[in-house]
Amino acid sequence: MSEQTPASGPITDGPADPEHDSTAAYGLDRSYVAALTRRIVSTSGETAAVTSPVGGTPLAHVPQSSAADVAEAFTRARRAQAAWAATPLDERAAALLRLHDLVLDRQEELIDLVVWESGKARKDAYLEVAHVALTARYYARTAHRHLDSRRVAGMFPVLTRAEVHRVPKGVVGIISPWNYPLTMALCDGLPALLAGNAVVAKPDAQVMLTALLGVQMLEEAGFPPEIWQVVAGPGPEVGGALVAEADYVAFTGSTATGRLIARQCADRLIGCSLELGGKNPMLVLRDADVHRAAEGAVRAVFSNAGQLCVSTERLFVADQVYDRFVDAFVSRTQAMTLGASHDWSLDMGSLISQAQLDTVTRHVEDAVAKGARVLTGGRHRPDLGPFVFEPTILEGVSADMECFGAETFGPVVSLYRFHSEDEAVERANDGFYGLNASVYTRDTTRGRSVARRIRCGTVNVNEAYGATFGSLAAPMGGMRESGLGRRQGAEGILRYTEAQSVATQRLVPIAPVLGMSEEANATVLTASLRLLNKLGRA
Ligand code: NAD
């Protein structure tokens with residue numbers, strides 16, 4: 001594996017922060033950071049450090065929100081929402097299109113901050129920018145298709161006119177994780193805004209600055225200043241207070257936290273979407289192009305250092321191509337460039353934190369102690385960055401090892417050989433997750449048919465994860481314990497609306513008329529129902 005030295009030196013000039021932080025050492029202007037953190041609703045007087053996994057020192061100290069601050073954020077959001085919902089849909093969509101251009105124009109600034117906060121490779125940070133742009137454009141261009149009121153068939157032709165309206169839920173609470181600081185913080189909220197809602201967001205504490213820069217860009221794109229409120233603090237307290245006030249919750253994070261949030265939402269009888277964890281399988285079928293599959297496997301397993309909900313952690317390879325595939329996969333992995341820096345040439349960046357490093361190390365050590373073989377990788381590399389861990393391929397993983405069924409959320413994959421496709425599908429469907437899968441084969445028809453048998457919310461044929469993730473018209477989310485509801489596509493925006501049906505009855509009531517008895521009315525109604533069925537009416 002080739003190496004990169006850790007980043008040093010500023011990305012822009014700025015005055016030093018004499019108090020707590022290495023803000024200036026990261027090339028961030030102190031007033032720039034202050035302008036971002038001012039957006040947090042906070043009167044508590046408390047702050048928490050956001051520490052960079054690249055340099056290992058605090059980027060900034062971020063104000064924290066109390067439960068009272070969360071309540072205040074909802075008051076402000078509710079005030080703003082009423083006016084926003086009355087704004088014409090075309091104006092709301094136009095703001096999204098301006099955001100599309102803005103994030104592309106200012107991608108360097110966004111990417112720099114994402115890299116400082118998360119330690120990821122620059123190319124992975126760029127994909128966040130691209131995903132925000134894709135999401136903004138898709139919903140702006142399809143706004144009318146999803147949100148316009150529409151006529152539906154009434155009970156009786158001519159006599160009953162029925163229409164369905166899409167009413168915003170009100171204020172949507174968004175709780176997001178740290179692994180994709182920009183896109184996870186923003187993308188669930190864009191359709192919520194378009195549908196006429198306001199948002200109160202609680203980004204993960206480790207990546208607050210990126211989330212705040214995204215919110216600043218929303219305002220620059222023309223969204224009303226108060227429409228997106230930000231609160232900060234520990235998940236159980238601040239997240240809990242947010243769920244207690246929201247009209248709907250969009251949560252992304254672990255299955256354990258998702259379960260807690262689902263219970264809280266059930267108590268309040270509000271809806272929620274839950275985008276949770278996975279233990280995602282990839283199948284390399286016997287007719288796969290092994291070099292294409294190996295290239296895809298590198299991206300499927302090691303993008304974002306494996307800290308990606310849809311990344312592959314279980315790789316099932318057909319007997320016939322196993323050895324050739326493994327050779328190609330291992331040698332591509334060994335050629336990867338690792339490090340923690342802003343360099344475009346990095347193939348894989350750092351893990352975000354000591355906690356992530358501990359989990360990854362524990363999973364690998366446990367597997368090795370119980371007899372798994374490390375084909376490549378397996379070591380922490382503090383010489384490249386505080387939390388850099390080598391891309392790791394394991395063979396001989398068995399059910400007694402922690403990494404067999406539990407999500408590692410790091411750059412570690414287990415290889416398994418299979419003999420028949422039925423067996424491969426059965427093993428892919430093992431466990432309780434069902435988020436994402438991929439299938440490699442030269443026969444794409446067969447690939448799609450295998451895909452349909454895998455119990456995952458998204459399946460990619462001859463691609464790692466990007467084909468489904470980047471196809472914004474296609475819903476994305478998990479089956480089984482990987483989630484509830486979907487982001488993207490029609491489902492991704494309709495979740496933020498209530499369907500309201502208005503039906504108008506004309507000429508005759510839905511009741512006996514002209515002194516008709518109930519029995520005679522039932523006879524007439526029965527004849528009408530038979531006729532409507534004959535006519536093919538829905
Ligand atoms: P996490 O559940 O610990 O935290 C996620 C968010 O929830 C954070 O903002 C956190 O502060 C908040 N939180 C924590 N406890 C809370 C509580 N009791 N009440 C309310 N909010 C609370 O998850 P994580 O470790 O930050 O993220 C990694 C997990 O997220 C992985 O399992 C990964 O697979 C999953 N993930 C899923 C998707 C998806 O689209 N399905 C995307 C990204 C990440």
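Author: A salt bridge is a side-chain nitrogen of Lys or Arg within 4 Å of a carboxyl oxygen of Asp or Glu. This is a predicted model, where local features need pLDDT of at least 70, side-chain atom pairs count only at pLDDT 80 or more, and totals for chains, interfaces and linings use all residues. Residues are numbered from 1 along each chain as its sequence is written, and side-chain values use heavy atoms, with hydrogens and water left out.

Reader: What makes E226 and R79 a salt bridge?

Author: Their closest N and O atoms are 3.6 Å apart, and the cut-off is within 4 Å, so the pair qualifies.

Reader: Why is R79 called exposed?

Author: Exposed means over 50% relative accessible area, buried means under 20%, and partly exposed is in between (1.4 Å probe, protein chains only). R79 has 54%, so exposed is the word. E226 has 31%, so that one is partly exposed.

Reader: Okay, and K120 with E128: what makes that pair a salt bridge?

Author: Here the closest N and O atoms are 2.5 Å apart, so this pair also meets the cut-off of 4 Å.

Reader: How do you know whether K120 and E128 are buried or exposed?

Author: Check the percentages again: K120 is at 2% relative accessibility and E128 at 0%. Buried means under 20%, so both count as buried.

Reader: How many salt bridges turn up in the whole structure?

Author: A search finds 31. Some share partners: R286, D287, E421 and R446 are joined into one network that way.
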